[in-house]
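Please look over the sequence and the model shown here before reading the report that follows.

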Amino acid sequence: MTSLPPDLQTFADALDAADAVAEAIASRVTDEEFFWQPDQGRRWSIALCLDHLAVTNTLYGGLMREAIARARAAGWTRKEPASPGFFGRKFAESLEPPVKRRTSAPGKIKPRPVTNREEILRSYHTAHDDIRRMLADAAAIDVNRATFRNPFIGLVRVKVATGFNVIAAHDRRHLWQAGQVEQELRRVGGIAPM
């Protein structure tokens, strides 16, 4: 990848860190543990956390890619570092771990019923690879001016700069959640009986 401006490199570094955390967690658990859901199946497994991230990052990534293409076509060149607006910053901050308030995932980004560990990890990493390419594409455009429609609240426009912040914070949130599942597995000595 070509050299990124420091503000965008921060997001690339966050993707690298998230990939490393996901791989570390996945490597320490068996297939059965990877799919085990705590609280007698009422909470997400490590697999569901990672698949949710893959689905969400793919959705957001597609919308952000379109916004970047529109900005390039309009000639909106980079003027200053990526900076989310006030509400975008607050939303990204609300996603940061440790999780203080649990919410339900909207239907568009619910994890898929995938039972193949390799497929989940491949989807997770592919979504990150797409975002890395997008960061390179975004280096020349004004990510503070380029916007996309919020996929959950149609009347709200989101800056591409905010989208990068949201992706990074959302990754950290659900990787923290996956880590909590792993810790719970260790506390109960592996898969807990149902």
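Which residues does Glu-184 touch, not counting residues up to four places away in sequence? Glu-184 touches Trp-36, Pro-38, Asp-39 and Arg-43, where contact means heavy atoms within 4.5 Å. Glu-184 is found in helix α7, and with a relative accessible area of 18% it is buried, a word that stands for under 20% relative accessible area with a 1.4 Å probe and protein chains only.

This is a predicted model, in which local features need pLDDT of at least 70 and side-chain atom pairs count only at pLDDT 80 or more, while totals for chains, interfaces and linings use all residues. Residues are numbered from 1 along each chain as its sequence is written, and side-chain values use heavy atoms, with hydrogens and water left out.

The helices, which are DSSP runs of H or I with at least four residues, numbered from the N terminus, include the pair α4 and α7, whose axes come within 9 Å and cross at roughly 175°. The two are therefore roughly antiparallel to each other, a label for angles over 145 degrees.

| Helix | Residues |
|---|---|
| α4 | residues 46-74 |
| α7 | residues 160-187 |

Leaving aside neighbours within four places in sequence, Met-64 is in contact with Met-134, Phe-148, Val-160, Gly-163, Phe-164 and Ile-167.

Key. Axes are lines fitted to C-alpha atoms, for helices over the stretch in contact, and angles run from 0 to 180 degrees between N-to-C directions. Angles under 35 degrees count as roughly parallel, over 145 as roughly antiparallel, 65 to 115 as roughly perpendicular and the rest as oblique. Buried means under 20% relative accessible area, exposed over 50%, partly exposed in between (1.4 Å probe, protein chains only).
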